[in-house]
Each structure stands twice: as structure tokens, then as C-alpha cells.
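Trainee: I have not looked at this one before. Can you take me through it, one question at a time?
Mentor: Gladly. Open it up and we will start.

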Amino acid sequence: MLKHLTVPRLATMQAFFKCTSDNDVLGCYAWNQAVGAGMLPILGDFEVGLRNALHRALSQHFGNVDSFDWMMPRPNPAHIINPAAPAFLPAKHKLNAKSSDDVKAAIGKVKGKKPAGYVVTPDDIVAALPFGFWEVLISGLSHSSQPAGLQTTILAAVFPNVQHTPGVSYGDPAFKKRVTDLLKRIRDVRNRIGHHDALWATPEFNELGALGFIPRRPRHTVSSFMYFIDRVSWFAGWIDPQISRHMQNGDHWWSLQALLHRRALALYRQHGGAVGTFREILDKADLPRRHRRSRDRPQPKFRERLLQSRFFY
């Protein structure tokens, strides 16, 4: 595998982790992959919560329902009378050119997966839009082309549980900047995972979204990742504390906690990331009480458990 990774990428990883063998390098690479994979469900929970809250707020504002086509181009009645007139009018919510293109691409993506004649719904589009769309949308809420007070109306509906900095309100430019800066930090990590990039040097950020400490050693990276997922959960609580509780009450959260430990990194380096490494980490991790009770019982061998499962194909 090492010969298929670029020399600069390997050199950066070897220097940061001070690798002493090819096996060590593969272990660090596999740990980076495992951490990225472990973060995706948590980032997914955040993204789904954010986009649905924004969609609901804008739908209520423009259509007084929970799901409205505020982002979709509207058929132009004048086109029937005068074919020279545009076939479609702009969306109810004013979007910039890039965001309009994102919506058109999402519509095309949905139609490409559905049978001919399928009518694309607003919910279809919301599910197909990229993460960056929502960040840009929030940035544009206070633009002069938008209705007065739109930023206050939408952000108050999306983030009802935020604890404001004294003197800062939903309509304040400082609040919008805080939200978009926090989203940028989360998007950066999401993009690093999606592009198989180096996660180990991801900068920390504070409650305002301002960049801070950049890890310089593996132990810093482990701590910074813990700090990052706590920050994502905290931010999700602005939308609804139930989202944070859901994140922290699942196996994805717990297994990621097990990965974000120096012992886990050491095992990956020792085994070169070979099969069974993650299982060994989970076996040695401190389990929550509800997990420990089930694992204290004698367990059948792995193959036997597979054969007993109705999900075995």
C-alpha cells in the first residue's frame, strides 16, 4: 500500500508521528482513516439537524408549512402567453448564482435517480444539497436583496437554544459571523475526511469559531479530536439539545471515544492497522455500564455469531 501513497504525504505523516518502520506508517495511516470514519456519523447528525432546521424555518417564513419550495425556480405564467418570456421565475428566497446552480444540480441529481415524470419535492432537494450551500445561505440572510429582518427570523428559529454573548442578538452581524465561522471549521474537518486528507494537524477553534492551537505531536491530536467532537455536539445543542443527547448516547460516539486514546493509536502502530486492531481497542476500552453488562456474558465465536444472525448474507 505504501507505494501507492505520495512521497510528500508519507513524509508529512512520518515526520509528525516519528514513524520507525513501514508497519508503523501503515498503522498511523489506518488510525487516521478510522478516526475519520468514526467522525462521519456525528458530522452527519449535525448536518441533517442543521439543514432540516433551516429548511423548516424558511418554509414557515415563505409558505407557513414545514416543507415549502422556497429554493426552487417557479414556473412563469407569462411564458404561456409570451414564449419569449422566461420559462421560470427566481425562487421565493433570493439565492446567489452559485447557490442557484447548487439547487439546479440537486434537481438534476434527484431526477437522474427517479423514473421519468417524477416530480421533485423540496425535501428531495434539501437532502441533495451540499453542506456548503447552507453556510452560504446563512451568510446571505442579511443581504440588501432579502426582506428586512430575515436574518433575525430565520436564525432565531434555527438556533433557539443558543446562549448569546451579552449585547449580541440574532440580527447582529457578529452573531451571523459566529455561526458561519463555526460552520467553516466543521466543514474543514468534513472536507479533510472526504478528501482523505491529513486529519492530525487539524486546528482547534473556540466558541466563536476562531482558529487556535494546531497539534504538533500525536498526543495533541488525540486531545484536539476530543475537543472537536465535543464542540460539534455543543453547537448541535443550539438547534436542539436532543440532537446532542442522541449523538452522545450512541455506539458511534462511544467507539470514537475509544479510538481517541493514546492506547488506541499505539495499538494501530503496533499492528500496522491489520484486521482485528479495532476490535482489540474496543475490547480493552472502558465500556459504559449498559455495554459492560452484555459483554460480561460468554460470547460465541465471531463466525458463529455471524451464522446466528438473520442479517448474515
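Mentor: Start with helix H6. Its buried residues pack against H2, H4, helix H5 (122-128), helix H7 (150-158) and H8. Keep in mind that this is a predicted model.

Trainee: Which residues of helix H6 are buried?
Mentor: Helix H6 covers residues 131-139. Buried means under 20% relative accessible area. The residues of H6 that count as buried are Phe 131, Phe 133, Trp 134, Glu 135, Leu 137 and Ile 138.

Trainee: How many helices and strands does the protein have?
Mentor: The C-alpha atoms fill a box of roughly 70 × 50 × 45 Å along the principal axes. Within the protein, the count is 15 helices and two strands.

Trainee: What percentage of the residues is buried?
Mentor: The protein has 313 residues. The cut-off is again under 20% relative accessible area. The buried share is 41%.

Trainee: And what share of the contacts with a separation of 6 or more joins residues 24 or more positions apart?
Mentor: A contact means heavy atoms within 4.5 Å. Take the contacts with a separation of 6 or more. Residues 24 or more positions apart account for 57%.

Trainee: Which helices do the buried residues of H11 pack against?
Mentor: First, the residues themselves. In helix H11 (residues 251-259), Trp 253, Trp 254, Ser 255, Leu 256, Ala 258 and Leu 259 are buried. They pack against helix H2 (22-63), helix H9 (218-239), helix H10 (241-248), H12 and helix H13 (277-284).

Trainee: What is the volume of the largest pocket?
Mentor: Look at its lining first. Met 71, Met 72, Pro 73, Leu 89, Pro 90, Ala 91, His 93, Lys 94, Leu 95, Ser 100, Val 103 and Lys 104 line this pocket. The volume is about 190 Å³.

Trainee: Which helix gives the largest share of the lining of that pocket?
Mentor: Sort the lining residues by kind and you get eight nonpolar, two polar and two charged. Sort by element instead. The largest share is three residues, and they come from helix H4 (residues 97-113).

Trainee: Which residues line the largest cavity?
Mentor: By kind, the lining divides into five nonpolar, two polar and one charged. By name, the lining residues are Thr 202, Pro 203, Glu 204, Phe 205, Ser 224, Phe 225, Tyr 227 and Phe 228.

Trainee: Which helix gives the largest share of the lining of the second largest cavity?
Mentor: Its lining is Ala 258, His 261, Arg 263, Ala 264, Leu 267, Ile 281 and Ala 285. Five of these are nonpolar, one is polar and one is charged. Three residues, the largest share, come from helix H12 (residues 262-271).

Trainee: How far does helix H8 reach from its first C-alpha to its last?
Mentor: Helix H8 (residues 173-194) has 22 residues. At 1.5 Å a residue, 32 Å is expected. The model comes close to that, at 31 Å.

Trainee: At the start of H8, which backbone nitrogen does Asp 172 reach?
Mentor: The reach is made by a side-chain oxygen of Asp 172. It comes to within 2.8 Å of the backbone nitrogen of Ala 174.

Trainee: Is His 196 buried or exposed?
Mentor: Exposed means over 50% relative accessible area. His 196 has 57%, so it counts as exposed.

Trainee: Where is Asn 64 found?
Mentor: Asn 64 also takes a positive phi, about 60 degrees, although it is not a glycine. Its relative accessible area is 65%, so Asn 64 is exposed. Its place is the loop between H2 and strand E1 (74-75).

Trainee: Is His 220 buried or exposed?
Mentor: His 220 is found in helix H9. Leaving aside neighbours within four places in sequence, His 220 is in contact with Phe 213 and Pro 215. Its relative accessible area is 15%, so His 220 is buried.

Note on methods: Residues numbered from 1 in each chain as written. Predicted model: local features only at pLDDT ≥ 70, side-chain atom pairs only at ≥ 80, totals over all residues. Heavy atoms only, no water. 1 Å grid on protein atoms, 1.4 Å probe; cavity = no way out; pocket = protein on both sides within 12 Å on 5 of 7 lines; lining within 4 Å. Points joined across faces, edges and corners; volume = space filled by probe spheres on them. Helix = DSSP H or I, 4+ residues; strand = E, 2+ residues; numbered from the N terminus. Nonpolar A, V, L, I, M, F, W, Y, C, P; charged D, E, K, R; others polar. Expected span 1.5 Å × (residues − 1). Polar contact = N/O pair within 3.5 Å; in protein donor to acceptor, adjacent residues only side chain to side chain. Buried < 20%, exposed > 50% of the residue type's maximum accessible area, 1.4 Å probe, protein only.
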